[in-house]
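Q: I'd like to learn to read a structure feature by feature. Could you walk me through this one?

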Amino acid sequence: MVIVQGLLSIFERRQSRKTPRSDTGNFSKLGPWEELPNYLKTIPDSTELIFIDGPLYASNPLLRILKPTAKAHSFHKPRPSELRPWVKRRADSDGISIEAQAIDTLVTTVGSNLGLLVNELEKLSVYRAGEPIRHRDVQDLVAYTKEVYIFDAVDAIIAGKLDLALRLVHQLLWGGNSVQYIFAMLARQVRLLILL
């Protein structure tokens, strides 16, 4: 298995709201990548080639020439409302018993990173050894609040999602982060956005 990350994003045209999208099919900017579909046909059956990218427009020239040769799948980041049912389904499928309040605490602490949610769920199930996972177990054993929430909080503030931002900032403060640290991280992210 060969995984290629971010290749298609290189050819993603930044779209302005004022400028209509162009679907002219002009692939001249692809250079040697224009031959990629022909190369893909020569890959042996024993090899899986996977391209992983962020959101792409349908007009992405590399994506458009790859579509006839490759299978494209889109996986959206789960919305907050989808996380609790997802954790419950995952726990049920793995034979893990977890209380509703523990699910809420786990989702609030870890966020939408499904890999981390699975890892933490497995860790908690081992800790509880067949007994239901409780709210207190998540509080005691899941330590991602500081690492995850600062970036989620900053993103929510910048996006103007005030309810979410306030909840996350309260979690940060409850987790022991200082007000100065939160302001410094917010200022840092704003500076980075301005430089882009």
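Q: Which residue forms a salt bridge with Asp137, and how far apart are the closest N and O atoms?
A: Keep in mind that this is a predicted model. The general idea is to look for a side-chain nitrogen of Lys or Arg within 4 Å of a carboxyl oxygen of Asp or Glu. Here the partner of Asp137 is Arg128, with the closest N and O atoms 3.1 Å apart.

Q: Are Asp137 and Arg128 buried or exposed?
A: The cut-off to remember is that buried means under 20% relative accessible area. Asp137 has a relative accessible area of 1%, so it is buried. Arg128 is at 14%, so it counts as buried too.

Q: Which residues are linked with Arg128 and Asp137 in a network of salt bridges?
A: When you find one bridge, it's worth checking for others linked to it. In this case Glu131 and Arg134 join Arg128 and Asp137 in a network of salt bridges.

Q: How many salt bridges does the count come to?
A: The count comes to nine. Glu120 bridges to Lys123, their closest N and O atoms lying 2.8 Å apart. Asp94 and Arg90 also meet through their side chains, with an N to O distance of 3.1 Å.

Q: Let's zoom out. How many helices and strands does the protein have?
A: There are ten helices and two strands. As for burial, 30% of the 196 residues are buried.

Q: Now pockets. What is the volume of the largest pocket?
A: The general idea first: rolling a probe the size of a water molecule over the atoms shows where empty space is left. In this model the largest pocket has a volume of about 1,100 Å³. Its lining has 26 residues, and the closest to the pocket's centre are Ile50, Phe51, Lys71, Ala72 and His73. Strand S2 (49-52) and helix H3 (61-66) are the elements that give two or more residues to that lining, and S2 contributes the most, with four. By residue class, the lining splits into 16 nonpolar, five polar and five charged.

Q: What about the second largest pocket: which residues lie nearest its centre?
A: Those are Lys77, Pro80, Ser112, Asp152 and Leu164, out of 22 lining residues. The volume of this second largest pocket is about 570 Å³. Helices H4 (80-93), H5 (100-110), H8 and H9 (162-174) each supply at least two residues of its lining. H8 gives the most, with six. The lining of this pocket holds twelve nonpolar, four polar and six charged residues.

Q: Back to the surface. Which residues form a nonpolar patch there?
A: To read a patch, ask who is in it and which elements they come from. The members are Ile157, Ile158, Val190, Leu193 and Ile194, and together they have about 420 Å² of accessible area. Helices H8 (145-159) and H10 (179-195) each provide at least two of the patch residues, and H10 has the largest share, with three. Ile157, for instance, is in H8, and its 31% relative accessibility is why it counts as partly exposed.

Key:
Residues are numbered from 1 along each chain as its sequence is written. This is a predicted model: local features need pLDDT of at least 70, side-chain atom pairs count only at pLDDT 80 or more; totals for chains, interfaces and linings use all residues. Side-chain values use heavy atoms; hydrogens and water are left out. Patches are made of residues with over 30% relative accessible area and no salt bridge: like charges are joined within 9 Å, nonpolar side chains (Val, Leu, Ile, Met, Phe, Trp, Tyr) within 5 Å. Accessible areas come from the Shrake-Rupley method with a 1.4 Å probe; for residues, only the protein chains shown count as cover. Buried means under 20% relative accessible area, exposed over 50%, partly exposed in between (1.4 Å probe, protein chains only). On a 1 Å grid over the protein atoms alone, a cavity is a set of points where a 1.4 Å probe fits but cannot get out, and a pocket is an open set with protein on both sides within 12 Å along at least five of seven lines; lining residues have an atom within 4 Å of a point. Grid points are joined across faces, edges and corners, and a volume is the space filled by probe spheres set on the points. Ala, Val, Leu, Ile, Met, Phe, Trp, Tyr, Cys and Pro count as nonpolar, Asp, Glu, Lys and Arg as charged, and the others, Gly among them, as polar.
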